[in-house]
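Here is a short report on selected side chains and their packing. The structure comes first, then the details.

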Amino acid sequence: MRFALPLLALAAASCAQAQDKPTAPGVTAPTERVPTDVRRTTLIVRDMEASLKLYRDVVGMKVNYDTVVETSGVALPAGPPGAKARLVLLNANDGWVGWIGLMQWIEPKLSAAPYPTRMGPGGVVIVMNTDDVEGRCKAARAVPGVTFTAEPRLQVYPGRNGGPDIRVMGCNFFDPDGILIEMNQILK
């Protein structure tokens, strides 16, 4: 849980910046921009349709791009040069940041790593803020390949600079490819 707070704060700050107001007590928008935006995280997936059931249908992200690309095997060190992969880009509320890419090698197929059951170095946690955490967590449970680690529950984090506590309802689960998702709803 030690790493979740900075990611939660970053996500909340990004939302606050986009809306130009705090998203919850204890969270404030940055006063100045930094030189880098995190635009997109691309996940290498085993089964595109299973991943879309989660990220598009349950989380509610919008498919913005869907094509087959030929990969070099160099810049993205996966698959041999000339391999074909399906790339789907999904956006949340911002047209520039917070996107997720899903990439599945289709010719030749990549062998899949073992499905994780615990986090460790190199592991990834994606923290998402949503409008209905209990409903979306329930819907995520029905997606094949999703494995829950924590049911929806109240989590309380210390506010920034002595501000009020940050109250969050959230659940945690591994997606169909073993990426840990922390699905949150920031409470006011």
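## Aromatic pairs

Tyrosine 115 is partly exposed, at 29% relative accessible area. The model is predicted. It holds two aromatic pairs. Tyrosine 115 sits in the loop between β4 and β5, whereas phenylalanine 174 belongs to strand β7, so the pair links parts 59 residues apart in sequence. Phenylalanine 174 is buried, with a relative accessibility of 3%.

Phenylalanine 148 and phenylalanine 173 also pair. Their planes stand at 35° and their centres are 5.2 Å apart, so this pair is tilted. Phenylalanine 148 lies in strand β6 (residues 147-157) and phenylalanine 173 in strand β7, so parts 25 residues apart in sequence are tied together.

## The disulfide

How many disulfides does the count give? The count comes to one. The bond joins cysteine 137 to cysteine 171, with an S to S distance of 1.9 Å. The torsion about the S-S bond is about -85°, so the disulfide is left-handed. Cysteine 137 is part of helix α3 (residues 133-141) and cysteine 171 is part of strand β7 (residues 166-174), so the bond ties together parts that are 34 residues apart in sequence.

Are the two cysteines buried or exposed? Cysteine 137 is buried because its relative accessibility is 3%, under the 20% cut-off. Cysteine 171 is buried too, at 0%.

## Proline 108 and its contacts

Proline 108 is found in the loop between β4 (99-107) and β5 (125-129). Its relative accessibility is 41%, so proline 108 counts as partly exposed. Leaving aside residues up to four places away in sequence, proline 108 touches Pro80 and Ala83. The C-alpha atoms of proline 108 and glycine 79 are 7.5 Å apart. Along the chain, 29 residues separate proline 108 from glycine 79.

## A nonpolar surface patch

Which residues make the nonpolar surface patch? They are Ile44, Leu76 and Leu110, and the patch covers about 220 Å². Leucine 76 lies in the loop between β2 (62-70) and β3 (84-91). With a relative accessible area of 36%, leucine 76 is partly exposed.

How values were computed
Residues are numbered from 1 along each chain as its sequence is written. This is a predicted model: local features need pLDDT of at least 70, side-chain atom pairs count only at pLDDT 80 or more; totals for chains, interfaces and linings use all residues. Side-chain values use heavy atoms; hydrogens and water are left out. Patches are made of residues with over 30% relative accessible area and no salt bridge: like charges are joined within 9 Å, nonpolar side chains (Val, Leu, Ile, Met, Phe, Trp, Tyr) within 5 Å. Accessible areas come from the Shrake-Rupley method with a 1.4 Å probe; for residues, only the protein chains shown count as cover. A salt bridge is a side-chain nitrogen of Lys or Arg within 4 Å of a carboxyl oxygen of Asp or Glu. Helices (H or I, at least four residues) and strands (E, at least two) are DSSP runs, numbered from the N terminus. Buried means under 20% relative accessible area, exposed over 50%, partly exposed in between (1.4 Å probe, protein chains only). A disulfide is a pair of cysteine sulfur atoms within 2.5 Å. Contact means heavy atoms within 4.5 Å. Rings of Phe, Tyr and Trp (its six-membered ring) pair if their centres lie within 6.5 Å; planes under 30 degrees apart count as stacked, over 60 as edge-to-face and the rest as tilted.
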